[in-house]
Amino acid sequence: MALLSIHNYLTTYLVFGAMLFSLGIYGLVTRKTLIGMLIAAELMLAGVSINFMAFNRFLAPDPSIGQIFTLFIMAIAAAEAAIGLSIVVAVYRHYKTVDAEELVNLKG
Amino acid sequence: MKIQEKTKEALAALFPDPPASEPEPDDAEEGEKKPEPRGNGIIEQDYHTRGFHLDAQIEPDQLIEAVRILFDLGYYLEAITGVDWIKDEQLEVVYDFSRYDFDLCRTVIRTRVDRSAPHLPTITPIYTGASWHERETHDFFGIVFDGHPYLVPLLLPEDADFHPLLKDFEA
Amino acid sequence: MGTQDVSPSIDTVPSSFVQFAVADKIIDLCRANSLWPLTFGIACCAIEMMCTGAARFDLSRFGAEVFRPSPRQSDLMIVAGTISKKMAPGIKTLYDQMPEPKWVIALGNCAISGGPFLFEGQYGIVEGADEFLPVDVYVPGCPPRPEALIEGIIELEYKITGWRRWPKPKPEWRSSGTEES
Amino acid sequence: MGGYFTDLFTGTKSLLDGMWVTLKEFPRRPVTLNYPHESVKMYPRFRGHIELIGDKDGKPNCIVCSMCQRACPSGCISLAGVKPEGEKKKVLSRYILDFTTCSLCGSCVESCNFNALRFSNEYNLASTRKEDFIMDLLQRLEEQNR
Amino acid sequence: MTEPITLQQDETFVLNVGPQHPATHGVLRVKMTMDGEYIYNAETVLGYIHRMHEKMAENRTYPQYMPNMGRLDYLSAMSFNHGYALVVERACNIEVPERAEYIRVITVELNRIASHLVWLGAYVLDLGGFTPLMYCFDDREQILDLLEAVTGSRLTYCYFRFGGLYNDIDDDFITGTRAFIKRMRKELKMYAKLVTGNIILMKRLKGHGPVDQNMCQRYGATGPVARGSGINYDVRRNEPYSVYPEFDFEVPVYGEGDSYARYLVRMEEMEQSLRIIEQALDKLPDGPVNPKKKPKLIKPPPGDYYAAVETARGNFGIRMVSDGGKNAYRLKLRSPTYSNMHLFDEACRGMLIADALAFMGSLDLVIPEMDR
Amino acid sequence: MTPVPSPELFSADGMAGLIFLIMIGVTLAGGFIAATAERLVRALSGIVICFTGVAGFYYFLNSPFMAMMQILIYVGAICVTISFAIMLAAPEQQLKSSPSNLLSGPLGFMIAALIFGGMSALALTTEWQASPKTASGSVREIGIHLLTTYSMIFELISIVLLIAIIGAIVIARGGRN
Amino acid sequence: MSLTLFNVILAVFIAICFVGANAAYLVWCERKGAGLFQRRPGPMENGPWGLLQPPVDGVKLMTKQLLIPGGVDKAIFMVAPVLAMFPALISFVTIPFSDNIVAHPIDVGVLMIFAFAALGGMSLLVAGWGSRNKYSMISSVRAVSQTVAYEIPLMITTITIVMISGSLNLSDIVQTQLGGFWSWNIWPLQKQVGFNLLMPVSFLILFVCSVAETNRAPFDLGEAESELVAGFHTEYSSMGFGLFFMGEYANIVIGACLTVILFLGGWACPVGDLGFFPFTHHVGWFLLKIYLIIFVFIWIRWTFPRTTIYGLLNLSWKYLIPISLFNLLLTAGLLKVF
């Protein structure tokens, strides 16, 4: 039953973080709407955070550093969400769409 | 000056030649054999037997003017209603006005339109609250108030095409 | 809101997934003692319905005071008042929105037959709730006293469970004489 | 700034006042009448559906004058009488009250000059059948006499 | 949140309040166009309980029409009884004995208190408080007991007769009423503590739902709605009928024109009604309650007749057109909430939905009276 | 890294392992929904599930504090904000989002697969060197670090958040006045 | 930590039972209490004092037809009630019922309660959204903005207490309040901070916030009956509605527990250590306190009218947040001084 103890290995978390990260990438590329892209970006951040936390648990001499980094990531994510969403709302107000490809007017 | 006299004076301006002061219309209403339609003019009614003071019958095209006079004198609109005088082939529309202050004067303005093509001007620009009353009168009697912003059935179902208070109405 | 066609017959009450007689009985008993009415008053009788829920008569003793504003959560529709032709489709929709099993009480004469507003050549009212709803219990009166509504609910419980829990009290006069002035 | 704190204090005080009112009600006895357990007694003038008054022998006082029928606004009374051989007065043979259209106005009782009608005290009618409320008052009188 | 808000029509949606909605007290329907929680405009749809009262008047005799009055506005049925009795008495010139007049006033005022109690309870229920409703109904039951002992019905009274009353009152009623007045005074103090002074209620009502005098005139608003806007208008005072001039009472008027002013007007009216009842009980003369000579058949002479009374909701008028027959040729019922509700559309624009519903409650609607 | 002996299924450790496996499944499913769902509402639900699962990982990684913060901030704040944005900005017909063109689907998949392959290969092949622990990583220590070593960053983050809030208000404002 | 995981499962099971029973009988208490506040007896006929009413209602709700309105997103519609119930259950594992009865004494217990409360807020949003009903939609937006607004003062107040106790662990917070009722956090007298007059005010803030967090009257804007029909659960029938109902009451218990632990000394006995049995008396005191708080919840609900959304936000931003912030600063200063 080796499967039952995989939570004790660093690699599990790393692979898993990579998985979330690439899911996020996939979402970012395929999504058309701004909000969808934002969700995908959050997913990527989650993948990165898992890496931090895993290294922190298994490798780092002082396990609080990784947590602090993850905290900072959360704060940045929150800021990003707030700004991103206000942009979404403003853009929607202005152009009546949240479709990223229709926002050609933003260029130039 | 009592408001009653004031109102009477103001309304009298509507009638270029005031009708003779004989109480002929009053008599006509009191059970004479030939109910002759009463002529235009103002009558002072006995409040204790009738419940109102002034009773003015006018032509439909004088309506807006008369209502404007009453609005300026501080009257509020109590009700608008219709009466179907089927024998005369006419529809009477009655506007009840009253006042908020202690100088009481209930005034009734009535006008008659033809039963076949009942059209009246709307008074909603003056009394906003007339809107529902007019819609209701339209529901019940089919009287069309020209210029009314939204003359659709109010009390009857939206698709109603009957006018139940007409005397020849049959369900 | 999604509506669905429910055939207007009380026989469509789905029997529960437990097919044992005893379990069915228990479920019936539970349903009978937890009748949540829809907050739906139409006219005069609605005030008496409110009175029934209020302190003097207190419908909550029977577990039936939970007046739900949403038809989705109620078991019992008390048609309290005159049903106009304009309103009838709305009532039907509300009834259809209620989940099975559901019951209807026609409260007051208007909901039973049109009541005092029934006359020849009338154009506006539906002559009784049973024209378009499967009414289970009729409570006559104009308006009925709150006791009559409680009696109606007891009657409905009797109909659901087949067991009358409380005997019907016999009417009595307050003073000894039955004559009135 | 002063308003800020006054608002705070008067507000809190009003809330506590209200809570005190409800708290005082909490331990009090409920005013509820336990209906199926306690029976309610009706006032003598209570208007239930109408019923016939019988004389000593249990015969109705009614003389079939149809005044009640005429007075009824919603036409819920229908009655008929027969004239037996050799008698002057009509005898009531049928008295049907359609209670479902009654408006309990009391016009019928008021119009009866022969003390033949009164209000019953049945305040808690309910049934699963509509037909139960189309009442045969003669039959009801007989049942009462029994 | 009273400052005007620029609403954008392109972001609105339609919220259909009613016909079955807990806030509309019956089957009223308001189609609200909303921008978020703000109301852009509101269209009221009536007629869900249109019961053909005016049509019925044309095919029933005058006495037979009396029961309808109890069903028009079931909360203050006595006032409507009174109005109809008044207009027929006026038309047929029937004298009413003094005792009957006093009893009429007592029952009407008792009924007014009962009506205001239902309003109070239902209004606080609209605002989310449930308990005052129960207290109000408990107090109301006391009134209903008194009136039931006299009239035989609890709600839809048919007590007045042309020229008099269905029957006389007894001593139990008088002692009971006096006891009730005492109880009610105490209860009113309790309501003042529980409801009137409550900060939440005040914040919700003060300054919300503005109705000014011009608006009242344009819409013909009467009753507590007009009195809450500073118009000193009460039919009992301005157009005295029955024995109201005999009594010393005040007409409460508040000038703010907001929901709270209307609230206070009604609360004070209950006190004034208690005063009137007390005086009427003191002055109650002996004598019959029905006139000695009363026409066998009610047949008013042809013509127009009008009578107005002050119900719990405002000025109720009846215009009766008689052609000399047994039935009215035309009977128009001028119901107070019909006009009062009409101003809702104009006044509620730009309000939050919660405030608008609180405002609607403060108009004290009885839908069957509106739809007739 | 020393291999840990496999536990029995019905021991405490075994249950923990099982729960971990379930959590992986749930998280991945959530992430998958978030990345691919057609309707934004579903994507949001997916990301809520995913974040809750990630919080579970943090718990397994000896950091309940971070687990709770993850739920508190991501689910309680960020997801709620996103949902508000969806409600405000996206009418019904725009809730759906399909791949913009034929190419982007496979392309995105290829990029994602490439990155995933590279990263997991790296993770599997690298010899990770654990160093001896010098501290326990408790909440107290995090706090001390935040206010001493990393106080500068802490302040900067605060400023970033403040600016973000102000900026968000400034940008989103203007619809109503 | 994995050693205790098995206990967690067991604890969750016990918590489910406790919460279930509590939620069911709190409904009974609510109805009975409402009755008594309103001059009527409340449920009477089903069982003695109507005690069988909750199971009867439960069976009825379970055997009712589950209607799913046309056009809704079924998955989201179905998941919302579960999401409403689940966080409340999880939060229970960290509540210390006595010094030794706590399912899973997590070090960051306070945080955990907040975290799962946030998850509960999400469920309202999802429910309102999934219903495709305008009333539900408005209601859920209201409920969430309310939850967010009141989390701020709630957290600031909690941080004050955490500062005083020096721990995020709920058991530790209780430990600092042992030794009689005068050492409870509600009183101005504190060993750690000396004399802080704002402590009772702070308790009031926490109490108001926990009322608001649980969407109870007078802050029950989410299900404002007279405005929004039944709010976010308008379209839910049968057990979907039942779960929302239970979730609401479970949240009430959590709110009461939090209030008691933070300010009223948790399972600590008011005067010294009065218990006859070392085991039961702590639990007994704890339960007594939380039911007292719940009684106040019920009492408040049946006394006041509802606020409006702006009244509620005003209260939060104008009064609760400034005062609680001020108290935070004051407490910090006092901690430094003493």
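Student: What makes the contact of the side chains of Glu136(B) and Lys332(E) a salt bridge?
Tutor: A salt bridge is a side-chain nitrogen of Lys or Arg within 4 Å of a carboxyl oxygen of Asp or Glu. For Glu136(B) and Lys332(E) the N to O distance is 3.0 Å, so the pair meets that definition. This pair crosses between chains, from helix α5 (residues 130-141) of chain B to strand β8 (residues 330-334) of chain E; helices (H or I, at least four residues) and strands (E, at least two) are DSSP runs, numbered from the N terminus.

Tutor: The model is predicted, local features need pLDDT of at least 70, side-chain atom pairs count only at pLDDT 80 or more, and totals for chains, interfaces and linings use all residues. Side-chain values use heavy atoms, with hydrogens and water left out, residues are numbered from 1 along each chain as its sequence is written, and chains are lettered from A and ligands numbered from 1 in the order in which they are written.

Student: How many salt bridges are there over all chains, and how many between chain A and chain F?
Tutor: The search of the whole structure gives 67; between chain A and chain F the count is zero.

Student: Where does α11(G) bend?
Tutor: At Leu320(G), by about 35°, the bend being the angle between axes fitted to the seven residues ending there and the seven starting there. Pro322(G) follows within four residues.
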